[in-house]
Each structure stands twice: as structure tokens, then as C-alpha cells.
Amino acid sequence: MASEFLSVDNLVKTYGTTTVVKGVSFGFNKGEFISLLGPSGCGKTTILRMIAGFETPTSGSIKVDGQDITSLKPNERQLGMVFQA
Amino acid sequence: MKSNRFWAWLVFIIGAAYFIVPLVATFEFSLRMRRGYYSFDSYASVFSDTRFQTTFGYSVVIGLLAIVVGILIVVPAVYFVRLRLPRLRPFVEFLTLMPLIIPAIILVYGYIRLYNSSSIIPFTGSALGTDILLTFAYVTLALPYMYRAVDTGMRTIDVQTLTEAAQIAGANTPQIIGRIILPNILVAVLSGAFLTFAIVIGEFTIASLLNRPAFGPYLQNIGANRAYEPAALAIISFIITWGAMGMINVLGRFAPRTSARTD
């Protein structure tokens, strides 16, 4: 796990009483290409928005290159996100 | 159908006459300085008066400063209310209406009491301090117009998406407001700016009671002491105000069509 470029560890996001993301963990290395698949409203966008920094995770951590970026602002993260048009 | 149009035109003509007749009469009177024939002598007299130039120049400078300060206060305020605190919107809207509810004379007496030369912040103790106070007073007076103009402009762009896109590209908050939001609402900001300018040029109460050499008190002074020049000045003021309003319309055609709301 530690050698992975981006790692998401036990990510949880709760809005009020609804838990949208329930302990998601995954990771990948540089050069790898991954897809998040799932039906509408299952939390794909929420996970991406948490990685980008637009949403604060309720618990869990996001690491890039071993550095914890969970509490950084979006503009302080060296990440790019393209919005769907 | 025909009679409907007749009544519509009648109402329009009465409404137009209500504005145009006094204006035409004022203009006609301003040309009568010489007995027997029309001349522009009163205009020549106004423009050759050095006090006209100095007071008008003073008001222009104060107006421009008020516009800059107003933009610096209003644009970030509207941005944050729209983005982070939408629940505060009714409160902020009410707050910006206060200058319309509270008469300028009450505002200026409040200022004089609060910032007198023996207070903690003695703005009125020096000419420069009073100029600063006057600028802030005009920012307050223009707040309802500036706020509404900027708020309307902000409504036409997708603030949320623009902000997130700018953040992901590495922009911090001042950069987002200055280089993303402001250029996108520039036309709205300019219309607010011209309204501010139009208010400042003719404002009398605050400038007079703070004893600053502004255009408003000069207008009043001329009005009390001359016969034909006030009419000429009124026409000149009208032209300046209309020029400002015309500028809003002209600039409105250059409104940005990029990054408009898609939802």
C-alpha cells in the first residue's frame, strides 16, 4: 500500500444521516489507469470530489506520493480534475 | 385594437412630456442670458469659472475612489454570500438597503459625531481625513446600487463551477475573485460603477456638511446666486448623467457569453 502513488484509505462521507461513501479503500501506481464504475448516486463523484478537495471526508485519509493531503485546500493539491460538461 | 394603441400612445406621451417639458424649458431658459436672442453665454460663463473646474474635478476624483473602494468591498462580499453563506442573503440584501432608508443627513451627522476631532478616529480633524470619510460615505450611499448590480451579474455566471475549476488549477481565493470572477461580471460591475458616479457627481448633503469643495455644494451655491447659470449647470449635469447611463447600455452589449450557467 505504501508504495502506491495515490491511496485512499477507509474513506467515509456522511451528509446528515445519510452515509454516501462507506469506508472505501483503493490505490494505484503511476502510469496506471483506473475506472470507478457504479449506478447513479452511488458516490463516484463524491469520492472524486473528496480526492480533489471540494468535499471534506467525514473520516479516512487520502495520500498522494506518501503525503497526506486530506486536510489540504484544492489549490494546494497537485491534482487535476476535469468537470463533466 | 386601434383604440388600445391610442391609449398606450397617450399614456406614453403624457409620461414623456412629464420629463421632457421641464427639461426643454430649462434648456430654453439657459439660452436667454442675452436679451432678445439665444446664446450659449451662460454655458461659457459656467465653463470659464475656475470653481466649476476644481469642484467638478474634485467630485470626479472622489467618485472614482468611491467606485474602487465599493468594488473592493462589494465583489468579495457578494461572492462569499453566494458561495458559502447563501442563508445570509436576505440579511445582506436588507443591510445594503439601509442607505435608502436612512437619510443622508442622518448619516452625515452620525459621521460628524463619531469621527469628530476629539474622537478615537478623528477623520474630520484634517482635510485628507474628511476626504477619506467622504469617499466612504459615498461608498455607503452607492451600496444599494452597487450590490444589486454585482449580485445580478453574479447570478448570470456559475460561481460554484468557476471556483472549483480555478481551485483545481491552483488559484487561491484572491486570485479567483480578481482574475476569474471579476472579469466575468465586469459589465455588471461597470454599471454599478456608473450609478455610483452619477450619485457622487450630484450629491449635496454630505459634501456640504463635511465642508468639502465638491460639485454638489457648488451647484447649490450657483443656484442661490445666479439666474441663468444654474439652468446651464442643470443641463450639463443631465448630459453627464445620461452619458453615464448610455455607457451602461453600450457596455451591456459586450456582456460575456462564455461560462454562462448551463443548468
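This is a predicted model: local features need pLDDT of at least 70, side-chain atom pairs count only at pLDDT 80 or more; totals for chains, interfaces and linings use all residues.

**A close look at a hairpin and its surroundings**

Tutor: Happy to. Strand 3 and strand 4 of chain A run antiparallel and are joined by two bridges. Strand 4 covers residues 67–68, and strand 3 covers residues 59–64.

Now look at the turn itself. The hairpin of strand 3 and strand 4 of chain A has two residues between the strands. A:Asp65 sits in that loop, and its phi is near 55 degrees, a positive value in a residue other than glycine. That deserves a second look, because most residues other than glycine have a negative phi. Is A:Asp65 buried or exposed? With 11 C-beta neighbours inside 10 Å, A:Asp65 counts as exposed, the cut-off for that class being 12 or fewer.

Step back and the whole sheet comes into view. It is an open sheet of four strands in chain A, with the order 2-1-3-4 and antiparallel pairing. Strand 2 (18–28) and strand 4 stand at the edges with a single partner strand each, so one side of each is left without a neighbour in the sheet. Helix 1 of chain A, residues 44–52, packs on this sheet and touches strand 1, strand 2 and strand 3. The direction of helix 1 makes about 115 degrees with that of strand 1.

Chain A also meets chain B: the contact takes eight residues from each of the two chains. On the side of chain B that touches chain A, the residues divide into three nonpolar, four polar and one charged.

Chain B is built another way, with twelve helices and zero strands. Its C-alpha trace spans about 75 × 70 × 30 Å along the principal axes. Of its 263 residues, 30% are buried. Among the contacts in chain B with a separation of 6 or more, 76% come from residues 24 or more positions apart.

The axes of helix 3 (residues 50–83) and helix 7 (residues 159–168) come within 10 Å and cross at roughly 100 degrees, so the two helices are roughly perpendicular to each other. Helix 3 brings B:Tyr79, B:Arg82 and B:Leu83 to the contact, while helix 7 brings B:Val159, B:Gln160 and B:Thr163. These residues divide into three nonpolar, two polar and one charged.

B:Asn211 lies in the loop between helix 10 (205–209) and helix 11 (215–225) of chain B. B:Asn211 has a positive phi of about 60 degrees, although it is not a glycine. B:Asn211 is exposed too, with 12 other C-beta atoms within 10 Å.

Key: Residues are numbered from 1 along each chain as its sequence is written. Chains are lettered from A and ligands numbered from 1 in the order in which they are written. Two strands pair if DSSP finds at least two bridges between them. A residue is buried if 20 or more other C-beta atoms lie within 10 Å of its own, exposed if 12 or fewer, and partly exposed in between; C-beta atoms are placed from the backbone. Two residues are in contact if their C-beta atoms, placed from the backbone, lie within 7 Å. Axes are lines fitted to C-alpha atoms, for helices over the stretch in contact, and angles run from 0 to 180 degrees between N-to-C directions. Angles under 35 degrees count as roughly parallel, over 145 as roughly antiparallel, 65 to 115 as roughly perpendicular and the rest as oblique. Ala, Val, Leu, Ile, Met, Phe, Trp, Tyr, Cys and Pro count as nonpolar, Asp, Glu, Lys and Arg as charged, and the others, Gly among them, as polar.
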